[in-house]
Amino acid sequence: MKDGTQNLAINESNLHLLQKCDLFGLNDLHLVVYPKQGAKVHPQLIPALSALTQKATDAGFDMQIASGFRSFDRQLLIWNNKAHGLRPVLDQFEQPIDLHLLSDDEKVFAILQWSALPGASRHHWGTDIDVYDASRMPAEYQLQLTLEETQDDGCCAEFHSWLAQELQQPEQDFFRPYIAGVGSISPEPWHLSYAPLARLFATQLTEDILRKKIQETDIALKDSILKNLSNIFNNYIKPYQ
Ligand SMILES: [Zn+2]
């Protein structure tokens, strides 16, 4: 697994790549559809992603992508629906929270437990994917992407145990950014990030750039977000850069 603090030199070819891409997921023109799965990812991921998928197959799993690129507008819809009570907001134990009992500031941090602020999602970059094992899923089962599924007798537990080992390999370019003990985001073992490219995007995302983007966006809880943005940046973004 790659060290989270590793610095990556931004050389000329990498800069060229970044100019074509979009930090906030405003367009997907530079992305490709990963064959047979429908998820959009950055083309630079394809060789490493194909190799990881094949290794999973060889180990007896069926690694599928639940989510790849997610646009700014999609993340904004998720955020606004959660803020307006149209989509459940879960606590750290994955139980629904009654938002009516919370102040606006508390609502912001409750949503952040499981959802990125629009503009700050790693899924905007096309470098990050959520994966699961389709081979052990019961028929009719609806994937939740919860910790429960990844542990004990959960349907993806065996796969995640294998994946944890695989990510330790020195040549592996994928890593799990959301692990226990880092930042304030709950652990998401299903979320993989392609280090060589994701780290370039991460270094571009500053508090100032994000503040400007939020200011110009019609987003629920905007005043509370802007008031708490330094805290949000330092605890939900910076620890993963
Ligand atoms: Zn994810």
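Me: What is the order of the four strands in the open sheet, and how do they pair?
Reply: This is a predicted model, and in it the four strands run 3-4-6-5, with antiparallel pairing.

Me: Why are strand 3 and strand 5 said to stand at the edges?
Reply: Strand 3 (63-67) and strand 5 (174-175) each have a single partner strand, so one side of each has no neighbour in the sheet. Helix 2 (residues 46-58) packs on that sheet and touches strand 3, strand 5 and strand 6. The direction of helix 2 makes about 130° with that of strand 3.

Me: What makes strand 5 and strand 6 count as paired?
Reply: Pairing takes at least two bridges, and strand 5 has two with strand 6 (residues 191-194), in the antiparallel sense. So the pair meets the cut-off. Across from Phe174 you'll find Tyr194 of strand 6.

Me: How do you know that the length of helix 3 agrees with what its residues should span?
Reply: Helix 3 (residues 72-83) has twelve residues, and at 1.5 Å a residue they should span 16 Å. The C-alpha atoms at its ends are 16 Å apart, so the two agree. Just after helix 3 comes Gly85, with a positive phi of about 75°.

Me: Which residues of helix 3 are buried?
Reply: Those are Gln75, Trp79, Lys82 and Ala83.

Me: Why are they said to be on the same side of helix 3?
Reply: Around the axis they cover an arc of only 100°, so they sit on the same side of helix 3. What they pack against is helix 4 (104-112).

Me: Why is glutamine 144 called partly exposed?
Reply: Gln144 has 13 C-beta neighbours inside 10 Å. Buried needs 20 or more and exposed means 12 or fewer, so with 13 glutamine 144 lands in between, as partly exposed. As for where it is, Gln144 is in the loop between strand 4 (128-133) and helix 5 (147-150). Its C-alpha atom is 9.8 Å from that of Ala66, though the two residues are 78 apart along the chain.

Me: Which residues touch the most other members of the largest nonpolar core?
Reply: Val41, Val131, Ala198 and Phe201 do, out of 44 residues in that core. Helix 7 (residues 195-204) gives the most to this core, six residues.

Me: What does alanine 198 touch, leaving out residues up to four places away in sequence?
Reply: On that count, Ala198 touches Arg122, Trp125, Thr127, Asp128 and Ser193.

Terms used. Residues are numbered from 1 along each chain as its sequence is written. This is a predicted model: local features need pLDDT of at least 70, side-chain atom pairs count only at pLDDT 80 or more; totals for chains, interfaces and linings use all residues. A nonpolar core is a set of buried Ala, Val, Leu, Ile, Met, Phe, Trp, Tyr and Cys residues joined through C-beta atoms within 7 Å. Two residues are in contact if their C-beta atoms, placed from the backbone, lie within 7 Å. The expected span of a helix is 1.5 Å times one less than its number of residues. The arc is that of the directions from the helix axis to the C-beta atoms. Axes are lines fitted to C-alpha atoms, for helices over the stretch in contact, and angles run from 0 to 180 degrees between N-to-C directions.
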